[in-house]
Amino acid sequence: MILLRIIAFGNILCAAADIFRLPNINATFHKSPTPFRIHVDRDFIEDTRQRVAHARAPVFIGATDEGPSPENFTNVRDYWANDYNWNSAEASINKKFNQFTTIVEPVIENDTYPVPLHFVHHRSQRTDAIPMLFIHGWPGSFLEVSNIIDDLTNPPNKSLPAFHVVAPSIPGFGFSPAPQFPGFGPVEASHAFNELMNQLGYRKYVIQGGDFGGVILRFQAHLFPKNVVSVLSNFWIIQPGENDIRRLAEGLATADEAIYIKILETYINQLSGYRIMQETQPLTVAFAMSDSPLGNAMWIYSLMAEVTDPAIKTWTLDEIITWSMMYYIQGPYGGMRFYKEAVKDGALEGPNFGTLPLVEVPVAISQFPYDITYRMPLDWARRGGNVLLRYIHDHGGHFAAYEVPDILLKDIWEWFGDKEASGTKAFAN
């Protein structure tokens, strides 16, 4: 089945290798990195604003646990229609990031397939800097790296490791074109991102990621152990087995086990409706989200609000809109259906999480209380690979790099700074 997917995917891409395009934006793609600055068609931006201004709200019935509130809807609508400035947001992103586009050509099942990518690449001035691949997830984007990239490339003191940071957009997210045919999931993304690092001259590198980044890094570390030195995941998830559930029912579970199972069951039973739709019928949702920028923003915000620590993070109207635009500009379908491809790769199984490949390289995991991986026991984590260290934090959530950058930075510096445990001594050779 996987081979058939790859063949179909590859045949189409080979035919289209020189004509990759992004809707509504000026991106071009070539077989080597090309500097890129975002410039979205202004007629499209105005059309988007007009659609928002005339957006129709549902008839609310007073429920408080079924999605964003009426106030969320009207606040975002009114601000977007009257005050939000995409030109300013665009200029800010362009100023913040060194962006590039390229076409990578990973070899999968002995055949070569071109994949167009958008990515951020910031090189450190430190001669001992470590190459790091940062992988985002849904409903995030490369913007997740915003609050840590400067400190990663230029740490506050020389005792801390520095990094050359590469933060690609998963195809279908941000400004990496969505695959035009089925077959591109976490496995193919891992091949593409490994080839990107090789194209940039990084034959060995480390990975940091959450959400789909935490999924892709497990495939990537498994498939390319000669390239991936070690990883730090803030989304290392293990699905409890029947014996784990039995032990909980019999009162034999540890505190960590009981808390983790409860968090996971709450997510699966009460908060994962968006995921089931995107796993099974993403196109059905995409018709509505592609036509309604405000509907797309509310769809994304519904999860953003659930998985961030309200004591330390309140999403601004600008953030809600700009993050949603990372999907709406090229169309949200590609990002949504990545869930369907994750099912085919075994990473998801219906409402549950699947079995990912074993990771043999050194692994550290970071856990935050507003994420579903919180308090997963270290011995459970080791079912998925060579997990040596678990960082447990008392605040923060799903978008750790963006939400609690100081905490995640500390974990990154401590883990990759331990050259023996993390294997980063390899970069001294």
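These legends describe close-up views of a predicted model. Local features need pLDDT of at least 70, side-chain atom pairs count only at pLDDT 80 or more, and totals for chains, interfaces and linings use all residues. Residues are numbered from 1 along each chain as its sequence is written, and side-chain values use heavy atoms, with hydrogens and water left out.

**View 1. Helix H2 and its buried residues.** Helices (H or I, at least four residues) and strands (E, at least two) are DSSP runs, numbered from the N terminus. H2 covers residues 42-53. Phe 44, Ile 45, Thr 48 and Val 52 are the buried residues of H2. They cover an arc of only 100° around the axis, so they sit on the same side of H2. The arc is taken from the directions from the helix axis to the C-beta atoms. Buried means under 20% relative accessible area, exposed over 50%, partly exposed in between (1.4 Å probe, protein chains only). Their cover includes helices H3 (70-82), H4 (86-96), H12 (293-306) and H13 (317-328), by contact (heavy atoms within 4.5 Å).

**View 2. Thr 153 in helix H5.** H5 comprises residues 149-153. Thr 153 counts as buried because its relative accessibility is 13%. Beyond four places in sequence, Thr 153 touches His 122, Arg 123, Ser 124, Ala 162, Phe 163 and Val 165.

**View 3. The salt bridge of Arg 375 and Asp 256.** A salt bridge is a side-chain nitrogen of Lys or Arg within 4 Å of a carboxyl oxygen of Asp or Glu. The N to O distance here is 2.3 Å. Arg 375 lies in the loop between strand E12 (359-367) and helix H15 (378-381), Asp 256 in helix H9 (residues 255-271), so the pair ties together parts 119 residues apart in sequence. Both residues, Arg 375 and Asp 256, are buried.

**View 4. The salt bridge of Lys 410 and Glu 414.** The closest N and O atoms are 3.7 Å apart. Both residues lie in helix H17 (residues 405-417), four residues apart, about one turn of the helix. Lys 410 is exposed, at 52% relative accessible area. Glu 414 is partly exposed, at 41%.

**View 5. The salt bridge of Glu 420 and Lys 425.** The closest N and O atoms are 3.1 Å apart. Glu 420 is exposed at 58%, and Lys 425 is partly exposed at 43%.

Key: Expected span 1.5 Å × (residues − 1).
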